[in-house]
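Thanks, everyone. Please look at the sequence and the structure first.

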Amino acid sequence: MQRFQDALIEIKALSHLDLLYFSNDGELLASTCKAKTDLSASVKDFATSVAESQVAFGFHFIKVMLRDNVEGVLLVSASADNAFMIGKMAARELSLISESQRADSDRGGFMQHLLLGNLLPVDIYQKAKTLKLDTVDRACFLIRVEGGKEPAMEEILRGYFDLKIDDIVELDQESYILIKDVREDNSDSELIEIAKAIITVMQTEAMANVVVSVGNPTSRLETLPTSYQEAKLAMEVGRTFYPKETILPYTRLGIGRLIYQLPASLCEMFIKEVFGEKIPEEVYDEEIMETIEKFLENDLNISETARQLYVHRNTLVYRLERLQAELGLDIRVFEDAMTFRIAVMVLQHLEDMRKQSGI
């Protein structure tokens with residue numbers, strides 16, 4: 001719709017004529033003015049008539065054709081001698097936009113089926129040939145919109161990226177997948193820069209906060225679903241272990257990737273080995289966990305951690321000693337600190353699995 005509206009506004013700016021564009025069943029799709037009367041019935045009658053054009057209600061009625069079929073009806077103000085000629089040129093422009101949108105739709109549908117694994121290899125290459133898809137490096141960027149998607153967001157993404165090369169596929173109510181041509185930007189750092197650009201444009205143009213995960217590039221269409229699955233896994237790992245991160249490259253998931261793939265039985269065995277029969281309440285205390293997280297972030301540096309927490313050094317030492325008594329782990333020692341960090345991540349993974357299974 002927006003592309004039709006933009007085209008009419010541009011044509012009016014050049015011709016100083018008002019235009020209205022209707023679908024062939026009388027739905028108003030775009031306009032530069034408000035009609036004084038309901039024209040839907042007249043548009044439908046004209047669309048099914050044999051006439052190529054007519055003048056009524058102060059407008060030239062002109063059919064917009066696509067592949068020998070009536071795609072829509074353009075109305076151009078008949079207030080100027082050259083109005084009909086301008087209308088014919090505008091109709092051609094609208095036809096090209098419709099053709100482009102249909103091609104985008106066909107391509108988007110193909111990409112969606114490809115990512116979901118619904119196509120055989122022979123079908124992939126036959127359709128790719130029809131759609132004129134080049135063999136280039138592509139990577140999947142999974143975009144999760146906090147609070148859910150809005151219709152304008154896809155238009156914003158389409159306006160920012162070159163959709164003659166790239167593709168956007170809608171996944172669900174909160175996610176898009178951007179299939180990006182990365183033939184010249186396929187290093188880890190360059191992929192992260194693309195993710196940053198997505199976040200920036202969504203924040204500034206759509207006023208939306210997003211999280212972007214990134215799969216590895218591939219030059220073969222049949223392996224593009226692997227890039228999607230990598231981005232999907234990175235998003236799932238990020239939800240569980242790195243909720244504060246907004247960019248989640250598959251190549252930089254760290255120990256979270258390993259823990260995420262552990263079965264529940266092995267996780268439970270490890271937790272019992274670390275904490276015994278009962279998980280200490282301190283593990284669920286937000287203040288205590290913030291203290292530990294800061295301590296680990298600062299490489300077990302007591303002075304720097306105390307400064308960032310705005311507490312006296314002795315107060316922090318006392319907290320750590322109390323934790324040692326309760327947990328049986330001295331997180332001032334690197335090995336115990338790592339054991340505790342991994343145990344907390346394993347607990348997060350267990351909780352996530354229980355939520356997914358409805359337990």
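I'll take a helix pair, then the cavities.

One caution before that: this is a predicted model.

Start with the helices. Two packed helices are described by the angle between their axes and the distance between the axes. Our pair is helix α10, residues 286-297, and helix α11, residues 302-309. They pack at an angle of about 130°, and their axes are 9 Å apart. Because of that angle, α10 counts as oblique to α11; the cut-off for roughly antiparallel is over 145. What is the hand of the crossing as α10 passes α11? The crossing is right-handed.

Now the side of each helix that takes part. From α10 we have Glu290, Thr291, Lys294 and Phe295. They meet Ile302, Thr305, Gln308 and Leu309 in α11. By class, the residues of this contact split into 3 nonpolar, 3 polar and 2 charged. So much for the pair.

On to the cavities. How many cavities of 30 Å³ or more are there? The count comes to 2. I'll stay with the largest cavity, whose volume is about 60 Å³.

Which helix gives the most to the lining of the largest cavity? That is helix α6, residues 188-205, with 3 residues. The lining includes Asp188, Leu191 and Ile192. Val214, Gly215 and Asn216 also line the largest cavity. So do Pro249, Tyr250 and Thr251. By class, this lining has 5 nonpolar, 3 polar and 1 charged residues.

That's the tour. Over to you for discussion.

Definitions and conventions: Residues are numbered from 1 along each chain as its sequence is written. This is a predicted model: local features need pLDDT of at least 70, side-chain atom pairs count only at pLDDT 80 or more; totals for chains, interfaces and linings use all residues. Side-chain values use heavy atoms; hydrogens and water are left out. Axes are lines fitted to C-alpha atoms, for helices over the stretch in contact, and angles run from 0 to 180 degrees between N-to-C directions. Helices (H or I, at least four residues) and strands (E, at least two) are DSSP runs, numbered from the N terminus. Angles under 35 degrees count as roughly parallel, over 145 as roughly antiparallel, 65 to 115 as roughly perpendicular and the rest as oblique. A crossing is left-handed if the near helix is turned anticlockwise from the far one by less than a right angle, and right-handed if clockwise. Contact means heavy atoms within 4.5 Å. Ala, Val, Leu, Ile, Met, Phe, Trp, Tyr, Cys and Pro count as nonpolar, Asp, Glu, Lys and Arg as charged, and the others, Gly among them, as polar. On a 1 Å grid over the protein atoms alone, a cavity is a set of points where a 1.4 Å probe fits but cannot get out, and a pocket is an open set with protein on both sides within 12 Å along at least five of seven lines; lining residues have an atom within 4 Å of a point. Grid points are joined across faces, edges and corners, and a volume is the space filled by probe spheres set on the points.
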